[in-house]
Amino acid sequence: MHAKTAPEDTGIPCLHRSPGFRKETLTMTSNQEPNRKPLLYYAMIALTLILLLNTFVFPMILSRQVQEIGYSDFLQWVDNKRVSRVSLDEQNNQIVFIATNDNGQEQIFKTAVFPDDGLRARLEAAGVQFSAQIPTQNSPLLNFVISWIIPIALFSLLGRVLMNQMGKRMGDGMNVMNFGKSNPKIVADKETGVTFADVAGEEEAKDALKEIVDFLEHPDKYAGIGAKLPKGALLVGPPGTGKTLLAKAVAGEAKVPFFSISGSEFVEMFVGMGAAKVRDLFKQANEKAPCIVFIDEIDTIGKKRDNGASIGGNDEREQTLNQLLTEMDGFDGKKGVVILAATNRPESLDPALLRPGRFDRRIPVELPDLNGREAILNVHAQHVKMSGQIQMKEIARATSGASGAELANIINEAALRAVRMGRSEVTQEDLMESVETVIAGYQRKNAVMSEEEKRIVSYHEIGHALVAALQTHSAPVTKITIIPRTSGALGYTMQVDEGDHYLMSQEELLSKLATLTGGQAAEQLVFHSITTGASNDIEKATKLARGMITRYGMSEFGMVALETVNGQYLGQDTSLACSPAYAEKIDEQVVALVGQARKKADQLLKDHEDKLHELAGYLLQKETITGEEFMEILNRKA
């Protein structure tokens, strides 16, 4: 059982992905050639014909050259030492031998078998080789094919198959004919299908990119005053916020060719191939200018260099990065070649890549605020049949911290649920259920809990809700349920703020800590025991209390940073930046802070134990109640 709340408001805005983005676009590589048959194709045809001739035609011709002579003549030729090799063909009851003809040339002859006990002695006396194998005489052409053509063809075919397999696994760069070719995807101006009209929830990013679009459309206006457009713009934000969509929108607005390539495509097995691909990419971009070059996940090749501290630092990745820096310095920005790049790990990029003259403009593409989420939901809802009673503001309010991709998924989940329920339109209930599906997973309808477990879960969730409602700095409770979810939660309490909050006061954080401890406090108060259901609450409370002490300065340590944040867009992993002595003190203060919150929750529940029993019984009966029902019972006089 996990007591879950709505995602924390990170204060990070986002970009959505419009359904129009899913149109199929016709793409092509920049180095397409006519579909010519390879030389090996014709060589295989010729080899097949030769083998057929040697299998069926040549044996027939050679068989006609075998002459038949009498047995007495055969014995006479043996005595005259004209016979060099003899074999017995028992299947055809004949003797086949090689002898010198009248012209002095060796030829194959045959004769009928005649009972002769002294034949072996006569053959040995004449020095004739005899065996059970029938002597054959291959044509010179067949000997040449077997000795030279077949081995060469087999080795060539084997080499080509291996190269093709390696090319499929490692990319086109493994193909000998494609060494050094970047092969970016080129999308013509009418094929992008994306403009700024398809982007919602990220007005700041669009405003920053409109200047680039204006330069591509009217370069003379900037050249006349001597202004230079930034050569590169770096799109930074969490995963799923639509950085690629923004780059496509810039190309669609400016109606210029769009080059798209991933940073991982530059990394090759052979040293120097990544640098060659960079050169080829910029060569193609200069030929297509004005154009947009988009490098996705640039942190793959743009990571910080090791300053020569380690052996072998000049590896393939660093060579590729050095070539990228050189190319960005070398091309003329007045031609209209704009380099856009995207990453969700900006802290790992090399400083040389971010200096003025290269990627000197940083554009945040972050999570959306309340109005942005509503706009994104409305854009996606245009392609889904909605009922007339939809209130997108409530859905946007319940999805604080969601990215554009998650909001698109919520609309799709609502449409799927409407179909499962046999409706032709999406209702508000479908949307709210899809929000819970994204937050806590699908309902586990087949999960059967005992009555005792359901009773414990009911008190646990009411404990969270009651502590939250009895404090002045908590978000309102909107829903409480004890229906298990696929995420592992046996129930959860949803709290939704009226609007977005970019700052949280110390009082709000302390209230949140008390709310997290309220579930286990209710179990202890009613059942005089605790369960494993508070594991998720404990994890969240510990993380929050540690952040208050080490990052937010809400402790006796004051304004001292005792913890560093790594990967601000990828989960915000933290690591201590203090001595072991301070680490021990931090642990003590974390335990004390959570303990104070637990005492506060215990006192609030003891003072309102009658409401705790009343609300838990009602939830046990209904399994799911709304925030209005909860507040109505809480405010009802005894």
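Helices (H or I, at least four residues) and strands (E, at least two) are DSSP runs numbered from the N terminus. The model is predicted, so local features need pLDDT of at least 70 and side-chain atom pairs count only at pLDDT 80 or more, while totals for chains, interfaces and linings use all residues. Residues are numbered from 1 along each chain as its sequence is written, and side-chain values use heavy atoms, with hydrogens and water left out.

Two strands are said to pair if DSSP finds at least two bridges between them. β12 pairs in the antiparallel sense with β13 (residues 492–495) over four bridges, and V477 has Q495 of β13 as its bridge partner. β12 also pairs in the antiparallel sense with β16 (residues 624–626), here over three bridges, and the partner of K479 in β16 is T626.

In soluble globular proteins, nonpolar side chains tend to be buried together.

Two of the helices can be set side by side, with the expected span taken as 1.5 Å times one less than the number of residues.

| Helix | Residues in helix | Span between end C-alpha atoms | Expected span |
|---|---|---|---|
| α9 (316–330) | 15 residues | 21 Å | 21 Å |

In α18, the buried residues are A583, I586, Q589, V590, L593, A597, R598, A601, L604 and L605, and what covers them includes α15, α16, α17, β15 (573–576) and α19. In α9, the buried residues are E316, E318, T320, L321, Q323, L324, L325, E327 and M328, and their cover includes β7 (232–236), α8 (273–288), β9 (291–296), β10 (337–343), α10 (351–354) and β11 (359–364).

Strand β10 is itself largely enclosed by the rest of the structure, because seven of its seven residues are buried. V337, I339, A341 and T343 point one way from β10, whereas V338, L340 and A342 point the other way. In a regular strand the side chains alternate between the two faces of the sheet. β10 runs parallel to β7, to which five bridges join it, with L235 opposite A342. β10 also runs parallel to β9, again joined by five bridges, with C291 opposite V337.

C291 counts as buried because its relative accessibility is 0%, whereas C578, at 26% relative accessibility, counts as partly exposed. The structure holds zero disulfides, a disulfide being a pair of cysteine sulfur atoms within 2.5 Å.

In the loop between β10 and α10 lies D350, which counts as buried because its relative accessibility is 5%. The side chain of D350 reaches the backbone nitrogen of A352 at 2.9 Å. Leaving aside neighbours within four places in sequence, D350 is in contact with G302, K303, K304, R305 and L321.

For the protein as a whole, there are 20 helices and 16 strands, and buried residues make up 44% of its 638 residues. Of the contacts in the protein with a separation of 6 or more, 75% are accounted for by residues 24 or more positions apart.

How values were computed: Buried < 20%, exposed > 50% of the residue type's maximum accessible area, 1.4 Å probe, protein only. Contact = heavy atoms within 4.5 Å. Polar contact = N/O pair within 3.5 Å; in protein donor to acceptor, adjacent residues only side chain to side chain.
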